[in-house]
Amino acid sequence: MTEPIRSSDGNRQPPPSRRTVLRGAAAVTLATAATTAATTGTASAAGAGSHPAVVDHPGAQWLPADPANYRTARRPRSHPVDHVIIHVTQEHFDDAVAVFQDPGRRTSAHYLVRSADGHIGQCVRERDIAWHAGDPSYDNRSIGITHEGWVNSSAWFTEEMYASSAALTAAVCARHAIPLDRTHILGHHEVSSATHTDPGANWDWDHFLELARKVRADTTAVKRRPITTGR
């Protein structure tokens, strides 16, 4: 995010409502995500029209940022989209939404992922330019995905969060033909001239990308599955 979000309780970091679970628990989430992506594809984005409550990612909740916190555009026609940037809020989910809806904060992200259950909120349409990277050249050409939690506590990075964010990232990359690799999927700290450290050393990049690639492989397999008819 482009500026620190400070908690109203003095930056205290209470534990998330659900702790990190066994990594195998992501299997159902990933299978569901792959099936959803295969059956809905890009129809949500392509058929959204001008109705602001229609999200780009199936299943996301529309939690719109204030128009003062992003720039309207017509991407990818106005700007190519070739990066995803991963953030951590340093704040609770609802409080991060409130920040994005405060016109004085001048910051936003396209998506916000909740720690406890992986619930996704969409705050800015993918065609528009969220102010999340702190560098206009990156903002113009990227999708910002931020995650509820604090960088110095791995407990916030639950398996539900990883699975949901990985499925979201895989779908975003499919929509915009972005390679699923660390050259195109960056941490906020990797943006040039960045002053932030998120997502931090506790973010498991290997696991996150492994899950995202599994979603892509499963989605491809579902799309290629032959259609059978009864006799």
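This report describes the sheet, the helices, the salt bridges and the cysteines of a predicted model.

## Basis of the description

The model is predicted, so local features are taken only where pLDDT is at least 70 and side-chain atom pairs only at pLDDT 80 or more, while totals for chains, interfaces and linings use all residues. Residues are numbered from 1 along each chain as its sequence is written, and side-chain values use heavy atoms, with hydrogens and water left out.

## The sheet

Six strands, in the order 1-5-4-7-3-8, make up an open sheet whose pairing is mixed. Strands, like helices, are DSSP runs numbered from the N terminus (E, at least two residues, for strands; H or I, at least four residues, for helices), and two strands count as paired if DSSP finds at least two bridges between them. Strand 1 and strand 8 (185–187) are the edge strands, each pairing on one side only. Strand 1 runs parallel to strand 5 and is joined to it by two bridges, with W62 having Q122 of strand 5 as its bridge partner.

Strand 7 pairs in the parallel sense with strand 3 over six bridges, and H83 stands opposite S142 of strand 7. Strand 4 also runs parallel to strand 7, through three bridges, and here Y111 stands opposite I145. Six of the six residues of strand 7 are buried, where buried means under 20% relative accessible area, exposed over 50%, and partly exposed in between (1.4 Å probe, protein chains only). In a regular strand the side chains alternate between the two faces of the sheet. In strand 7 both faces are covered, with S142, G144 and T146 buried on one side and I143, I145 and H147 buried on the other.

Helix 3 (residues 93–100) lies across strand 4 (111–113), strand 5 and strand 7, and runs at about 165° to strand 4. Contact means heavy atoms within 4.5 Å; axes are lines fitted to C-alpha atoms, for helices over the stretch in contact, and angles run from 0 to 180 degrees between N-to-C directions.

Helix 5 (residues 159–176) has 18 residues and reaches 26 Å from its first C-alpha to its last, close to the expected 26 Å, a span defined as 1.5 Å times one less than the number of residues. Because 17 of its 18 residues are buried, helix 5 is largely enclosed by the rest of the structure. The residue that follows helix 5 is A177, whose phi is positive, near 55°.

## Salt bridges

The whole structure holds six salt bridges, each being a side-chain nitrogen of Lys or Arg within 4 Å of a carboxyl oxygen of Asp or Glu. One of them joins R125 and D56, at 3.0 Å from N to O. R125 lies in the loop between strand 5 (120–122) and strand 6 (129–130), and D56 in the loop between helix 2 (43–46) and strand 1 (61–62), 69 residues apart. R125 is buried at 5% relative accessible area, and D56 is likewise buried at 5%.

D82 and R141 form another salt bridge, with their closest N and O atoms 2.3 Å apart. D82 lies in the loop between strand 2 (70–71) and strand 3 (83–88) and R141 in the loop between helix 4 (136–140) and strand 7 (142–147), so the pair ties together parts that are 59 residues apart in sequence. R141 is partly exposed, at 32%. In the salt bridge of R182 with E190, the closest N and O atoms are 2.9 Å apart; R182 is partly exposed at 29%, as is E190 at 32%.

## Cysteines

With a disulfide defined as a pair of cysteine sulfur atoms within 2.5 Å, the count comes to zero. C123 is buried at 1% relative accessibility, and C173 is buried at 3%.
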